[in-house]
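Here is a walk through one protein model.

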Amino acid sequence: MKRSDFPEGFIFGTATAAYQIEGAAAVDGKGPSIWDDFCQSPGKIAGGESGELACDHYNRFEQDLDLMKDLGLKHYRFSLSWPRILPYGVGAKNQRGLDYYHRLLEACRKRDIEPYVTMYHWDLPSALESRGGWTNRDTYHAFCDYADLITREFKDQVRHWMVLNEPFVFTAVGHFAGIHAPGRKGLRNFLPAAHHVTLAQAEGGRIARANATSDTEIGTTFSCAYPTPHRNTRLHQKAAARYDAVFNRFFLDPVCGRGYPVDTIPGLKKIWKYAKTGDEEKLAFDFDFIGVQNYIRDVVKFWPFQPVLWFKTIEPAKRVEKTTDMGWEIYPDSLYHLLLQFAEYPEIKKIYVTESGAAFPDKLVQGRVSDPERQKYLHDYMDATLRAAQKSSKIQGYFVWSFMDNFEWAEGYRPRFGIVYVDYPEQQRYPKDSAFMIRDFLAGKEISF
Ligand code: GCO
């Protein structure tokens, strides 16, 4: 596989998120976020770890961007921390926080690195959480004010915005399962949070479009997962369709003007309880692109003991394919199928794979990290993207998750997703073999696995 196999103009980059790399959790006027708080709650994060220091990127971004440039990476997706900019979520802005992002964006420009900026990658200001967070409609209004502020402030420096990162994950894992911040549980938290997030998703797009220059593209990102029915019977196929409605369509369909997929899952109709008159029309927005992020495929089984959803997934142990350090099955065709599934929506104009990557138990040995499993993973997922791009011209980019090892939420620092290894105690960076493979690929060389 060579870069020139991809369509002209197809972009390659890497991705990170503020809480996972920045550190500097309480300096220069930054307010606390729900992730700062969640990490303080005993038992929530593996090893009791937190993003307090993370990769110390806040202080080391110049060197990190130097390394990115050396590797030939010219497109970089990262997020802004809302509480660094608005310590209380609303009201007084923190000039030092804004200055930091101006410096970061300027450092990208100087190195000819194109920034792709996510407005919200999960670090809600704690002040908003204490008033109900996303379960409270006020948080949607606060988000709109924040979106308005940043799209004006960074108008001259940002040409690619993404409103949200993976609304399904932060609402379901954070507000239904309670495994991520803020640790809320149950449908009574999930449904209002999901509705307010869906409003924020579309309204954030409208605000960015109104404030940005005409050459700015506005998108938002979605997690997605590929279901395979346990057996090819009607019951299991319908279970897989319900899985698809929850994991893939719940936040995407409304933005495309199709409403929540409640025909497929009638039990989720209750979400309308949290709506106000006129909300239905507000859920849609004509984004310039969507970001697709796929890490899992699941084998899905009809399950009569699971009310509302009526399905369950079968554990990885019973699967035949290899898994990553997260226990996720390696299945490149899932990305291929999902890209084509999304490309079929006439409402979707352009698709980037805004995250793709894997964690493996990397070891630093005499300054080198050999990671053939990641090399193969990236090769195969890039190949899946290429195959999809050959079928649909909407597919136009691929970002590796992640540029460097970082704080993997409830899993702490054990899973290493980076193509650059981070020695945390020393805060040293070491490009892994996969980083050199990507460098060679970007330079036009053939890569094979
Ligand atoms: C997500 C986030 C990233 C993760 C990555 C690996 O998808 O959960 O966007 O922050 O670190 O996906 O799990």
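Helices (H or I, at least four residues) and strands (E, at least two) are DSSP runs, numbered from the N terminus. This is a predicted model: local features need pLDDT of at least 70, side-chain atom pairs count only at pLDDT 80 or more, and totals for chains, interfaces and linings use all residues. Residues are numbered from 1 along each chain as its sequence is written, and side-chain values use heavy atoms, with hydrogens and water left out.

Start with His 121. His 121 sits in the loop between strand 3 (114–120) and helix 6 (126–129). Buried means under 20% relative accessible area, exposed over 50%, and partly exposed in between (1.4 Å probe, protein chains only). His 121 counts as buried because its relative accessibility is 2%. Its contacts (heavy atoms within 4.5 Å) include Gln 20, Arg 77, Asn 165, Glu 355 and Trp 409, not counting residues up to four places away in sequence. A polar contact is a pair of N or O atoms within 3.5 Å; within protein, one must be able to donate a hydrogen and the other to accept it, and residues adjacent in sequence count only if both atoms are side-chain atoms.

Now the ligand. There are 13 residues around the ligand (a heavy atom within 4 Å). Of these, Gln 20, Asn 165, Glu 166, Glu 355 and Glu 408 come nearest. A ligand oxygen lies 2.6 Å from an N or O atom in the side chain of Glu 166. For the side chain of His 121, the corresponding distance is 3.0 Å. For that of Tyr 295, it is 3.1 Å. The protein covers 96% of the 310 Å² of accessible area that the ligand has on its own. Accessible areas come from the Shrake-Rupley method with a 1.4 Å probe; for residues, only the protein chains shown count as cover.

Next, the interior. A nonpolar core is a set of buried Ala, Val, Leu, Ile, Met, Phe, Trp, Tyr and Cys residues joined through side-chain atoms within 4.5 Å. Which residues touch the most other members of the largest core? They are Trp 35 and Phe 143, out of 137 residues. Helix 9 (residues 187–211) gives the most to this core, with 10 residues. Apart from it lies another core, of 13 residues, among them Ala 15, Phe 289, Tyr 295 and Ala 359.

Ile 207 belongs to helix 9. At 14% relative accessibility, Ile 207 counts as buried. Ile 207 and Asp 148 are 59 residues apart in sequence, yet 6.0 Å apart in space, C-alpha to C-alpha.

Finally, the charges. The whole structure holds 37 salt bridges, each a side-chain nitrogen of Lys or Arg within 4 Å of a carboxyl oxygen of Asp or Glu. Arg 387 pairs with Asp 383, with the closest N and O atoms 3.2 Å apart. The two are four residues apart in helix 14 (residues 372–391), so about one helical turn separates them. Arg 387 is partly exposed at 29%, and Asp 383 is partly exposed at 27%.

Lys 432 and Asp 405 meet in a salt bridge of 2.7 Å, N to O. This pair links distant parts of the chain, 27 residues apart. Lys 432 is buried, with a relative accessible area of 0%. Asp 405 is buried, with a relative accessible area of 0%. Salt bridges that share partners join Asp 362, Asp 371, Arg 374, Asp 405, Arg 416 and Lys 432 into one network.
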